[in-house]
Amino acid sequence: MAFPKAPWFLLVPLLFLSASAISPSVIKETNNPADQLVAALNDNRTVHKSSSLYDNPGLACLALQYIKAYGGDCGAVDAKKPAESEFAETFAPNCGILASSLSPITGRLLGCQSKYVTPSKAFSDILMENSKGLEILYDKNHTEVGAAVSGSDGGGPYFWCLLFSNGKRNSSFAFEEGVAKISRPGCFSGANDECSGASGWPQRFSLWSLAATTLMAGVYAFGL
């Protein structure tokens with residue numbers, strides 16, 4: 001028995017309802033991997049009876065500038081280290097951070113690899129791959145942390161950075177205008193913003209692309 005053909009415009013609302021019923025983790029595009037990196041860090045510290053660290057967006061912006069100092073050269077991660085003076089002379093002005101609000105950097109962790117991995121994997125497999133990383137992670141002098149993630153032109157390599165400080169919450173690494181200067185591609189934690197990556201940054205399917213795909217499937221299924 002053949003089913004009567006339904007007008008295509010009657011299917012569209014159903015297709016969008018189907019798309020919206022999918023798990024938010026699939027279609028949500030506002031997730032920030034730098035925020036997730038901080039979450040993984042604090043989860044680990046809590047499990048090991050250490051206090052969680054305040055996610056300072058100013059410090060996180062500096063972490064993104066720290067990544068940019070490597071110019072996309074993954075091989076230089078172990079070979080060079082930006083000088084302490086660059087935080088005040090270059091990184092802070094690029095972020096719009098008040099020089100008077102800078103606090104000591106008590107730890108730095110930087111990792112890089114050609115392929116993108118989830119923040120939790122980056123934390124455990126890249127940044128915590130040796131005893132030095134663990135020593136920095138559990139240092140009792142830390143009070144706050146800032147994370148940044150960035151790709152390079154065309155996608156990889158991908159950099160992951162954590163900066164630690166013993167500054168005071170809501171007073172250290174303060175922005176001159178209340179918000180950071182635009183500093184992209186890449187993203188940093190605590191910014192309440194989407195992650196802006198370079199070309200090739202892994203993206204989730206959008207609701208529109210999902211609905212369009214479903215619509216095409218409906219066309220074939222119903223013979224419209």
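In the predicted model, strands β3 and β5 (residues 187-188) run antiparallel and are joined by 2 bridges. Within this pairing, alanine 148 stands opposite phenylalanine 188 of β5. Strand β3 also pairs with strand β4 (residues 155-165), again in an antiparallel arrangement, through 8 bridges. Here glutamate 144 has serine 165 of β4 as its bridge partner. A parallel pairing links β3 to strand β1 (residues 54-55), with 2 bridges between them. In that pairing aspartate 55 stands opposite valine 145 of β3.

Strand β3 itself spans residues 144-152 and is mostly covered, with 9 of its 9 residues buried. In a regular strand, side chains alternate between the two faces of the sheet. On one side of β3 lie Glu144, Gly146, Ala148, Ser150 and Ser152, and on the other Val145, Ala147, Val149 and Gly151. Both of these faces are covered, as the residues on each are all buried.

The aromatic side chains were examined next. A pair of aromatic rings is described by the distance of the centres and the angle of the planes. The model contains 7 aromatic pairs. In one of them, tyrosine 66 and phenylalanine 91, the ring centres are 6.2 Å apart and the planes meet at 70°; the pair is therefore edge-to-face, since an angle over 60 degrees counts as such. Tyrosine 66 belongs to helix α4 (residues 57-68) and phenylalanine 91 to helix α5 (residues 85-95), so the contact ties together parts that are 25 residues apart in sequence. Both tyrosine 66 and phenylalanine 91 are buried.

Tyrosine 116 and tyrosine 158 make up another edge-to-face pair, with 5.4 Å from centre to centre and 75° between the planes. Tyrosine 116 is located in the loop between β2 (105-113) and α6 (119-127), whereas tyrosine 158 is in strand β4, so this pair ties together parts that are 42 residues apart in sequence. Tyrosine 116 has a relative accessible area of 28% and is partly exposed. Tyrosine 158, with a relative accessible area of 5%, is buried, because the cut-off for burial is under 20%.

One aromatic cluster is formed by Tyr66, Tyr70, Phe87, Phe91 and Phe159. Its member tyrosine 70 also has a charged group over its ring: the charged end of lysine 80 sits there, 5.3 Å from the ring centre.

Notes: Residues are numbered from 1 along each chain as its sequence is written. This is a predicted model: local features need pLDDT of at least 70, side-chain atom pairs count only at pLDDT 80 or more; totals for chains, interfaces and linings use all residues. Side-chain values use heavy atoms; hydrogens and water are left out. Buried means under 20% relative accessible area, exposed over 50%, partly exposed in between (1.4 Å probe, protein chains only). Helices (H or I, at least four residues) and strands (E, at least two) are DSSP runs, numbered from the N terminus. Two strands pair if DSSP finds at least two bridges between them. Rings of Phe, Tyr and Trp (its six-membered ring) pair if their centres lie within 6.5 Å; planes under 30 degrees apart count as stacked, over 60 as edge-to-face and the rest as tilted. A charge sits over a ring if NZ of Lys or CZ of Arg is within 6 Å of the ring centre and within 35 degrees of the ring normal.
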